[in-house]
Amino acid sequence: MQYAKILGTGSYLPANRVSNDDLAKKVDTSDEWITTRTGIKFRHIAADNEKTSDLAVQAAQRALESAKLNADDIDLIVVATTTPDMQFPSTATIVQQKLGITNSCPAFDVQAVCAGFMYALTTANAYIKSGMAKNVLVIGAEIFSRILDWNDRTTCVLFGDGAGAVVLGASDKPGIIHSKLKADGNYLDLLKVPVQIADGQICGTPYLKMDGPGVFKFAVKMLSQVADDVITEAGYEQDQIDWLVPHQANKRIIDATAKHLGLSTDKVILTVQDHGNTSAASIPLALDHGIRNGQIQRGQNLLLEGIGGGFAWGAVLVKY
């Protein structure tokens, strides 16, 4: 059997680091209010001249270096993003161009908001398992700061910008063990950016709208369920999971999922305090952090999981 194995990881956060106290100078909030409800202390905001593809390229270059591969060794690029550079072409093709890849490999975007990296990783896994690709660059990259209403303290304090990348390679040794993706459009009004572009006009608000309590309740229930499903369907037990690498949206959601899985907090990769919710970038950011600081070791079992607007959600079991 052929597996998709993680060969390397990389990440990038913009230079502008904004604290809760910084935000409190602009909107009616406080460090205590934000920290108590979310666990977030800082977020990074892209510079005016930075695009999503720029963040993605920085993370990709670090992942390629980690994997000891050249850009032209990549034969598929999948970028998960909700904030693309433009309507089209895809951000993936822009990343391809900026990396100098000349082999005309396929490149496309995946849009599942905060679950985007799960969708992109599962897609890349299918390409490798089928023999259609050998080395795949999977990126989650977002500039969420540009779709936030900075007068809305219930949403603007939650999100940040960043990118994370993983290089997957074909291997006869276990890598991605099992994945499961889910979606339910009946809950779209809980979390959305209801903007459309038609006939040269912007229709609807371009800012994120969220029912915080509704999202929290749904996320805790569905993340616990999909995590159980992936572990059971893979023939594993909960105590075989070495690390939970969750979507970094809210520490209370992360804590609830870990508790359901019977994992202590010291078995959870937690980075939400440092960069807030970076949507599709948050899981690869956390993964790269855990690997580079020596927490995650080769041979360990990782459970990655995330949920985003749609709702779309999923989990992936990986032997690193």
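**Entry 1: Val113 and the ground rules**

I began at Val113, which is buried at a relative accessible area of 15%, taking buried as under 20% relative accessible area, exposed as over 50% and partly exposed as what lies in between, with a 1.4 Å probe and protein chains only. I am working on a predicted model, in which local features need pLDDT of at least 70 and side-chain atom pairs count only at pLDDT 80 or more, while totals for chains, interfaces and linings use all residues. I number residues from 1 along each chain as its sequence is written, and side-chain values use heavy atoms, with hydrogens and water left out.

Val113 sits in the loop between β5 and α5 (116-130), where I use DSSP runs numbered from the N terminus, helices being H or I of at least four residues and strands E of at least two. I noted its phi as positive, near 50 degrees, in a residue that is not glycine. Most residues other than glycine have a negative phi, and most peptide bonds are trans.

**Entry 2: other backbone exceptions**

I next looked up Ser104, in the loop between α4 and β5, which also has a positive phi, about 60 degrees, without being a glycine. Ser104 is exposed, with a relative accessibility of 67%.

I then turned to the peptide bonds and found a cis bond from Phe88 to Pro89, with omega near 10 degrees; Pro89 belongs to the loop between β4 and α4 (91-99). I found a cis bond between Gly310 and Phe311 as well, with omega about -10 degrees, and placed Phe311 in the loop between β14 and β15.

**Entry 3: Thr83**

Is Thr83 buried or exposed? I found Thr83 buried, at 9% relative accessible area, in the loop between β4 and α4. Its side chain makes a polar contact with that of Glu142 at 2.9 Å, which I count as a pair of N or O atoms within 3.5 Å, where within protein one must be able to donate a hydrogen and the other to accept it, and residues adjacent in sequence count only if both atoms are side-chain atoms. A polar atom of the Thr83 side chain also lies 2.8 Å from the backbone nitrogen of Ile143. Leaving aside residues up to four places away in sequence, I listed Thr52, Ala141, Glu142, Ile143, Phe144 and Ile147 as touching Thr83, with contact meaning heavy atoms within 4.5 Å.

**Entry 4: the five-stranded sheet**

I traced an open sheet of five strands in the order β1-β7-β6-β4-β5, with mixed pairing; strands pair if DSSP finds at least two bridges between them. β1 (3-12) and β5 (107-110) are at the edges with a single partner strand each, so one side of each has no neighbour in the sheet. From one strand to the next the twist averages 20 degrees, with axes fitted as lines to C-alpha atoms, for helices over the stretch in contact, and angles running from 0 to 180 degrees between N-to-C directions. β4 (76-80) and β5 run parallel and are joined by four bridges, and I saw Val79 opposite Asp109 in β5.

I found α3 (52-67) lying across β1, β6 (135-143) and β7 (161-171), at about 125 degrees to β1, and α10 (282-292) lying across β1, β6 and β7, at about 95 degrees to β1.

Which residues of α8 (251-261) are buried? I listed Ile253, Ile254, Thr257, Ala258 and Leu261. Viewed down the helix axis they fall within an arc of 130 degrees, so they line one face of α8; the arc is taken from the directions from the axis to the C-beta atoms. They pack against α7 (212-233), β13 (243-246) and β14 (301-308). At the start of α8, I found a side-chain oxygen of Asn250 within 2.7 Å of the backbone nitrogen of Arg252, and after the helix comes Gly262, with a positive phi near 75 degrees.

β13 is covered on both faces, with Trp243 and Val245 buried on one side and Leu244 and Pro246 buried on the other. β13 runs parallel to β14 through four bridges, and Leu244 has Leu303 as its bridge partner there.
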